[in-house]
Amino acid sequence: MKKNLAAGVLIAALLMLNSCSADKAVDSTANVSGDKKSSGSVFAMDTYMTITAYGNNGKKGIEAAQKEITRLEKLWSVTDENSEIYAINHSSGAEVPVSAETEELLKFAIDMHGKTNGALDITLYPVLRAWGFTTGEYRVPDDGEISELLERKGADKITVDNGKVSVPEKTEIDLGAIAKGCAGDAAARALKEQGVTSALLDLGGNIQTIGDAKPDGTKWKVGIRDPFGDGSIGTLTVGECAVITSGGYERFFEQDGVIYKHILDPETGRPAESGLASVTIIGSEGRMCDALSTSLYVMGLDDACAYWRDNGDFDMILVTDDGGVYVTDGIAERFASNSEDVTVVER
Ligand code: ADP
Ligand code: MG
């Protein structure tokens with residue numbers, strides 16, 4: 001009974017999200033306990049983002065967070081001709097001056113490319129475009145086309161130094177795997193700067209919280225989406241953290257009975273077929289959780305568990321293609337699963 005209730009909360013939250021199309025609208029209401037609650041939504045980075053903040057500074061905080069998200073989108077969009085990423089992708093190999101934020105994020109992405117053994121690679125844009133994942137005009141490229149495009153990839157080919165970035169002539173960057181998590185960190189900082197001590201940020205399914213609990217003392221409850229349906233596989237109770245999920249269900253197409261999903265294996269240039277249906281990462285930094293949700297999805301169950309054992313400092317919930325749920329021991333007690341098939345992963 002309790003579990004069904006939790007799933008109901010999640011579905012209600014998703015419905016609310018869909019109906020919140022008012023761009024940058026912020027409204028404030030007082031809830032029953034007298035704690036002021038404000039919420040606002042913004043469409044950015046290809047997704048609806050909703051922020052709920054408690055306390056008197058909520059409205060001001062949300063406005064600052066929305067401004068920050070919009071500012072970062074302008075720097076990192078692949079399609080906006082005025083963005084820094086667009087400038088890099090159209091630089092024909094020349095050096096491009098970038099902001100401190102972009103420099104830092106690119107350095108992080110290059111570092112994570114190495115640490116994940118290439119599973120996270122922000123230079124797959126030409127391959128993603130060939131599949132139509134960038135436009136929605138989907139097609140299946142042939143092997144020759146893919147191998148030719150793969151020659152352009154390699155995050156290790158990006159040079160970042162002293163506010164300047166250069167990439168080889170045909171290499172193109174796409175920050176889709178990490179931008180939302182990083183924007184969440186920046187939005188959380190903006191909220192805190194305005195004095196907000198309790199808030200929930202939902203950036204298109206990326207959840208980030210501020211404060212260990214809501215003002216009434218209850219912990220945050222985050223529903224983990226079922227990759228095979230509209231419901232949830234369970235509910236996680238958390239304090240201040242990021243809970244970020246990657247799944248093939250986010251964007252895919254079907255051709256001749258085969259489903260092609262938007263997370264690519266950089267090794268093959270084809271949708272990752274790792275046996276995982278979704279990967280949720282729980283940790284303190286949105287940027288890191290976002291990077292890991294994408295790359296551990298590419299790695300598959302065994303390598304993801306090995307990565308977790310070697311790198312610590314985060315927890316995860318993995319769902320396999322056959323419906324198995326794997327939860328690391330740091331959060332196992334805080335995860336109320338709707339599934340019978342749960343395995344606790346230990347160090
Ligand atoms: P979502 O954006 O759907 O929440 P992710 O964070 O997993 O999901 O990011 C997926 C996006 O990252 C893709 O849409 C694509 O733009 C890009 N991408 C796909 N495969 C990779 C990869 N192996 N490494 C880095 N970026 C990738
Ligand atoms: Mg990601």
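Which residue just after α4 takes a positive phi? In this predicted model, in which local features need pLDDT of at least 70, side-chain atom pairs count only at pLDDT 80 or more, and totals for chains, interfaces and linings use all residues, the residue is Asn 117, with a phi of about 60°. Residues are numbered from 1 along each chain as its sequence is written, chains are lettered from A and ligands numbered from 1 in the order in which they are written, and side-chain values use heavy atoms, with hydrogens and water left out.

Helices (H or I, at least four residues) and strands (E, at least two) are DSSP runs numbered from the N terminus. Helix α4 comprises the 16 residues 100–115 and spans 22 Å from its first C-alpha to its last, close to the 22 Å expected at 1.5 Å a residue; the expected span is 1.5 Å times one less than the number of residues. Buried residues (under 20% relative accessible area, with exposed over 50% and partly exposed in between; 1.4 Å probe, protein chains only) of α4 include Leu 105, Leu 106, Phe 108, Ala 109 and Met 112.

Ligand 1 is surrounded by 18 residues, the closest being Asp 174, Ser 246, His 262, Leu 264 and Thr 294; a residue counts as near when one of its heavy atoms lies within 4 Å. By class, this shell holds nine nonpolar (Ala, Val, Leu, Ile, Met, Phe, Trp, Tyr, Cys and Pro), four polar (the others, Gly among them) and five charged residues (Asp, Glu, Lys and Arg). Helix α8 (residues 286–299) gives the most to the shell, with three residues. A backbone N or O atom of Ala 119 lies 3.0 Å from a nitrogen atom of ligand 1. Taken alone, ligand 1 exposes 570 Å², of which the protein buries 93% (Shrake-Rupley method, 1.4 Å probe).

The magnesium ion (ligand 2) is coordinated at 2.1 to 2.5 Å by Ala 177 (O), Asp 290 (O), Asp 290 (OD) and Thr 294 (OG1). Donors are N, O and S atoms within 2.8 Å of the metal (3.2 Å for Na, K and Ca); water is not among the atoms, so sites may look incomplete. Along the chain, the donors follow the spacing A-x112-D-x3-T. Because Ala 177 lies in the loop between β6 (164–166) and α7 (179–193) and Asp 290 in helix α8, the pair ties together parts that are 113 residues apart in sequence. Both Ala 177 and Asp 290 are buried.

Terms used
A polar contact is a pair of N or O atoms within 3.5 Å; within protein, one must be able to donate a hydrogen and the other to accept it, and residues adjacent in sequence count only if both atoms are side-chain atoms.
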